[in-house]
Amino acid sequence: MKDFSFYAPTEVVFGAKSEEKIAELVRHHGGTKVLVHYGGESARRSGLLDKVCGQLSAAGIEHVLLGGVVPNPRLSKVHEGIDLCRREGIDFIVAVGGGSVIDSAKAIGYGVGYDGDVWDFYLRRTVPQSCMPIGAVLTIPAAGSEMSDSSVITNEDGNIKLGYTSNLCRCKFAVMNPERTYTLPPYQTAAGVTDIIMHTLERYFSKDDDMTLVDSMAEALMRTMKDSVFAVLDNPHDYRNRAQIMWAGSLAHNDITGSRAAGDWATHQLGHELSAMFDATHGASLAAVWASWARYVYKENVSRFVRLAVNVMGVDNDYTSPEATALAGIAAMERFFRAIGMPVSIKELIGRDVTDGEIDEMARKCSCGGTVTKGTFKVLHRDDMVAIYRMARG
């Protein structure tokens with residue numbers, strides 16, 4: 001087993017009654033005036049926003065609201081939040097929503113104490129020295145941002161989607177009530193589970209192939225997601241399986257199933273360009289390219305793909321042909337994505353053929369004009385990215 005560091009400081013309050021702890025948690029972590037950050041009107045219609053604000057008001061904690069976060073959260077909303085926090089003297093952010101809202105809150109948290117443009121951090125021009133404390137009230141299990149060190153933001157000027165990681169932005173607490181996920185549309189539920197599986201796969205396909213215990217945990221998580229997603233698509237009010245999915249979202253991205261630093265992440269980078277160019281759902285963009293990435297790279301470590309095929313996808317091991325077993329596992333994962341309503345090609349994702357020019361542009365952005373590579377399982381150069389996008393055309 002390789003040397004590693006594990007850091008997961010977020011306090012988790014999980015269950016149907018968890019929302020009753022919000023004000024207590026804010027006060028415990030030093031909040032006296034709160035920005036309640038959220039997405040669309042669903043948070044208000046569901047009664048959750050009123051519940052959060054009511055809890056804060058009852059505890060005498062001042063708060064202001066900022067909604068309007070959209071999937072693939074925008075830099076312009078981050079700038080709006082930074083200005084609002086400074087003007088109102090905010091000292092704590094409560095993010096009510098899924099990964100997009102939490103990522104937006106983290107970016108706001110970085111920017112409040114910084115004299116320049118918060119986008120500097122995402123461009124790696126400088127390093128943040130602080131982040132306003134953040135708490136999450138999770139409504140969409142997918143991104144795992146409630147326990148991760150990452151934030152992904154889209155700059156509308158050029159449709160550039162970039163992530164930044166730092167322990168500074170880790171949430172102080174995460175409130176998780178599985179009942180709040182009952183009304184998620186089937187597509188969003190499936191896309192969330194896809195993202196959870198992908199966060200696990202990015203760590204699973206690393207050069208560290210001697211982490212037996214961690215690999216077994218990752219495999220169990222993915223098997224559970226395969227079972228649970230069909231259960232909740234059949235019965236959206238299945239608390240038990242909604243709870244499995246909600247907790248798995250956190251475990252898939254808090255490094256318990258493998259080190260983020262040692263992972264591959266090429267599929268995420270390729271998917272980010274699809275999301276940025278076509279404003280596609282994040283999880284769906286990953287499903288659209290993963291099988292093509294897998295077929296492009298599997299020969300780097302065939303046995304790794306064999307293990308996934310047998311231990312996760314239930315493929316019979318063809319001992320006479322490891323490659324055949326590996327490819328059967330990739331095909332099985334592709335069938336799983338299709339079965340839960342996810343696209344398995346770019347054409348299925350965007351509803352039309354992607355052009356050569358669009359592929360070249362995505363590869364250019366992903367490789368920063370050919371100056372950087374992506375991935376560790378197999379290092380991808382610009383030409384490799386073009387080849388994978390072309391394989392994924394559909």
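## Aromatic pairs

Rings of Phe, Tyr and Trp (its six-membered ring) are paired if their centres lie within 6.5 Å, and planes under 30 degrees apart count as stacked, over 60 as edge-to-face and the rest as tilted. In this predicted model, local features need pLDDT of at least 70 and side-chain atom pairs count only at pLDDT 80 or more, whereas totals for chains, interfaces and linings use all residues. Residues are numbered from 1 along each chain as its sequence is written, and side-chain values use heavy atoms, with hydrogens and water left out.

Ring pairs join Y110, Y114, W119, F121, Y122 and Y164 into a cluster, and the whole structure holds 18 aromatic pairs. One of them is stacked, because the ring centres of F92 and F173 lie 5.9 Å apart with their planes at 10 degrees. F92 belongs to strand β4 (residues 92-97) and F173 to strand β8 (residues 173-176), so the pair ties together parts that are 81 residues apart in sequence. F92 is buried at a relative accessible area of 0%, where buried means under 20% with a 1.4 Å probe and protein chains only, and F173 is likewise buried at 0%. The pair of Y204 and F205 is edge-to-face, because the ring centres are 5.5 Å apart and the planes stand at 85 degrees; both residues are buried.

## The chain as a whole

Of the 394 residues of the protein chain, 55% count as buried. The C-alpha atoms fill a box of roughly 70 × 45 × 45 Å along the principal axes. Among contacts (heavy atoms within 4.5 Å) between residues at least 6 apart in sequence, 76% join residues at least 24 apart.

Note on methods. Buried means under 20% relative accessible area, exposed over 50%, partly exposed in between (1.4 Å probe, protein chains only). Helices (H or I, at least four residues) and strands (E, at least two) are DSSP runs, numbered from the N terminus.
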